[in-house]
2 protein chains.
Amino acid sequence: MAARRTGRRPGDPALTRQAILDAARGAFADHGYESTSIRRVAGDAAVDPALVHHYFGSKEDLFLAALDVPVTPDEVLKSALAGGVDEVGERMVRTFLSVWDSPRGTAAAAMLRSAVAHPWIAKLLREFMLNRVAKRALSELGITDQVELRASLVASQMLGLALTRHVLDFEPIASVPAETVVAALAPTIQRYVTGDISAEADAVG
Amino acid sequence: MAARRTGRRPGDPALTRQAILDAARGAFADHGYESTSIRRVAGDAAVDPALVHHYFGSKEDLFLAALDVPVTPDEVLKSALAGGVDEVGERMVRTFLSVWDSPRGTAAAAMLRSAVAHPWIAKLLREFMLNRVAKRALSELGITDQVELRASLVASQMLGLALTRHVLDFEPIASVPAETVVAALAPTIQRYVTGDISAEADAVG
C-alpha cells in the first residue's frame with residue numbers, strides 16, 4: 001500500500017494528473033506566471049509536454065487548475081464589459097456575485113483562504129488577476145491613468161465583499177439578496193474604475 | 001519539567017494570567033460576549049473574580065486581551081467621530097489606518113488571519129464590533145435606517161483594505177501613502193454611513 005501511495009505508476013491517469021498539478025504549483029510559485037512554460041512543468045513532472053496539453057489545455061488553463069481558480073478571465077471579462085463603460089461598476093459586482101453566490105463560491109472561498117494562509121499563492125493570484133484580467137479590462141474600457149491603483153482598489157472592495165459575505169459570514173451582508181449588494185457596491189466600483197480617485201482629502205484639524 | 005508545563009502553581013502570575021485568558025476564550029466562544037461574565041470566566045479558570053479584574057480590568061478589556069484586539073472601541077469612536085457627520089468617511093479611514101499602518105498592524109493582521117481560520121473568532125469579533133462600535137457610532141451620528149447593513153458595508157470595504165494592504169500585499173495599495181488610501185476610500189465609507197445605499201440598480205438586459 002505504501003508503495004502505491006508514494007510511487008507513480010506509468011499510465012495511471014489520476015497520479016499523472018496530480019504529478020503535473022504539483023509540478024505546476026511548484027513552478028508557478030518559484031518562477032511566476034510569465035516565466036513558467038508548459039515545457040518546464042512537463043520536465044519537472046517527468047512527462048511529455050503533449051501530456052500536459054492533453055490533460056489541462058493551455059498554460060492559463062493549467063494555472064487555473066493548479067490554483068483551483070473557479071472562473072476563467074475570458075468569462076469574467078466578457079460578462080463585466082458587456083454593458084460598456086457607464087455601467088461597468090454594476091456589471092462587475094454582478095459578475096463577481098454570479099461566481100461567489102453559485103456552487104463555485106465554495107471553491108472561491110477556499111482559494112481566498114489559501115491566499116491568506118500562503119503568501120506565494122496571494123502573490124501569484126494578484127499578478128495573474130492584474131495582468132490577465134484587470135489590465136485587459138481597463139484597456140478595453142479606455143482607462144489609462146492609475147491603472148494598477150484602480151485595479152487594487154477594486155480588489156479591496158471585491159475581496160472585502162467575498163471576505164465578509166462568504167468567509168466571515170458577517171450579517172446582514174452574508175445573506176442579503178445579490179441585488180442589495182449590487183445597489184450598494186456598484187457606485188463604489190464605478191468610481192474606482194472610471195472616477196476621480198486622487199482628489200486631495202480635506203485637511204482635518 | 002513536564003509537571004511545570006502542564007500544572008499551574010498558585011501564585012505564578014504568568015500561568016494564572018494564561019489560565020484566565022484560556023477560560024475567557026472558551027467562555028466567549030461558547031456563550032457570546034453578552035452572556036459571558038467575569039464571574040463565569042473566574043469560575044472556569046478556578047480563580048477569584050477579583051483576580052480577573054486585577055489582571056484585565058473590565059469585561060471589555062478581558063475580551064480585547066483574549067482575542068488580541070489591538071485597539072479599544074473608545075479609541076476608535078473618539079477618533080472616528082471627532083469631525084461630525086460630514087467627514088465621518090474620511091475620519092474612519094484615517095482612524096483605521098492609524099492602527100493598521102502602525103506597529104499595532106501586525107497584531108491586527110494576526111487577528112484577521114485568525115478570524116479567517118476560525119469561524120467562532122469571526123463571529124465573536126463581528127458581534128463585538130457591531131454592538132460595541134458600529135451601533136454606537138451610527139447612533140451618535142443620528143443614523144437610524146439600515147444600521148446593520150451600513151455597518152457590514154463599512155466592514156466589507158475596511159476589511160478588504162486590510163486584506164489587500166496588510167495581508168495579501170497587493171501592490172500598489174500595499175505601499176501607497178495613507179493619504180492616497182484616504183482620498184480613494186473616504187467617499188465610499190461616507191456613502192455607506194450616510195448616503196443612499198438601496199437605490200435600485202438599473203436593469204441590465
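Where in chain A does Leu168(A) lie? In this predicted model, Leu168(A) is found in the loop between α10 and α11 of chain A.

Chain A is built from eleven helices and zero strands. Read from the N terminus, its elements therefore follow the order α-α-α-α-α-α-α-α-α-α-α. Along the principal axes, the C-alpha atoms of chain A fill a box of roughly 65 × 40 × 35 Å. Of the 205 residues in chain A, 50% count as buried. Among the contacts in chain A with a separation of 6 or more, 64% are accounted for by residues 24 or more positions apart.

One of the helices, α4 of chain A, spans residues 49–56, and at its start a side-chain oxygen of Asp48(A) reaches to within 2.8 Å of the backbone nitrogen of Ala50(A). After α4(A) comes Gly57(A), with a positive phi near 80°.

The next topic is the relation between the two chains.

How many residues does the contact take from chain A and from chain B? Chain A gives 45 residues and chain B gives 45 residues. Between them, the chains bury about 3,800 Å², with 66% of this area on carbon and sulfur atoms. On the side of chain A that touches chain B, two or more residues come from each of α7 (88–100), α8 (105–117), α9 (119–140), α10 (147–167) and α11 (178–194) of chain A. The largest share of that side, 13 residues, is supplied by α10(A). Sorted by class, the side of chain A that touches chain B holds 26 nonpolar, nine polar and ten charged residues.

Two residues show this contact in detail. Ser152(A) sits in helix α10 of chain A and is buried, because its relative accessible area is 2%, under the 20% cut-off. Setting aside neighbours within four places in sequence, Ser152(A) touches Glu171(B), Pro172(B) and Ile173(B). The second residue is Leu168(A), in the loop where this account began. Leu168(A) is also buried, with a relative accessible area of 6%. Apart from neighbours within four places in sequence, Leu168(A) is in contact with Leu163(A) from chain A and with Ala115(B), Val116(B), Ala122(B) and Leu159(B) from chain B.

Charged pairs form the last topic. Side chains of opposite charge can pair when their charged atoms come close. Over all chains, the count comes to 22 salt bridges. In one of them, the side chains of Arg165(A) and Asp101(A) meet at 2.8 Å, N to O. Arg165(A) belongs to helix α10 of chain A and Asp101(A) to the loop between α7 and α8 of chain A, so this pair ties together parts that are 64 residues apart in sequence. Arg165(A) is buried, at a relative accessible area of 6%, whereas Asp101(A) is partly exposed, at 36%.

In chain B, a salt bridge of 2.5 Å, N to O, joins the side chains of Arg94(B) and Glu90(B). Both residues lie in helix α7 (residues 88–100) of chain B, four residues apart, or about one turn of the helix. Arg94(B) counts as partly exposed at 24% relative accessibility, while Glu90(B), at 9%, counts as buried. Another salt bridge pairs Glu148(B) with Lys135(B), whose closest N and O atoms are 3.2 Å apart. Glu148(B) is in helix α10 (residues 147–167) and Lys135(B) in helix α9 (residues 119–140) of chain B, so the pair ties together parts that are 13 residues apart in sequence. Glu148(B) is partly exposed at 32% relative accessibility, and Lys135(B) is partly exposed with a relative accessible area of 31%. In chain A, a network of salt bridges links Glu90(A), Arg94(A) and Glu179(A).

Conventions: Residues are numbered from 1 along each chain as its sequence is written. Chains are lettered from A and ligands numbered from 1 in the order in which they are written. This is a predicted model: local features need pLDDT of at least 70, side-chain atom pairs count only at pLDDT 80 or more; totals for chains, interfaces and linings use all residues. Side-chain values use heavy atoms; hydrogens and water are left out. Contact means heavy atoms within 4.5 Å. Buried area is the accessible area (1.4 Å probe) that two parts lose on being put together, summed over both. Ala, Val, Leu, Ile, Met, Phe, Trp, Tyr, Cys and Pro count as nonpolar, Asp, Glu, Lys and Arg as charged, and the others, Gly among them, as polar. A polar contact is a pair of N or O atoms within 3.5 Å; within protein, one must be able to donate a hydrogen and the other to accept it, and residues adjacent in sequence count only if both atoms are side-chain atoms. Buried means under 20% relative accessible area, exposed over 50%, partly exposed in between (1.4 Å probe, protein chains only). A salt bridge is a side-chain nitrogen of Lys or Arg within 4 Å of a carboxyl oxygen of Asp or Glu.
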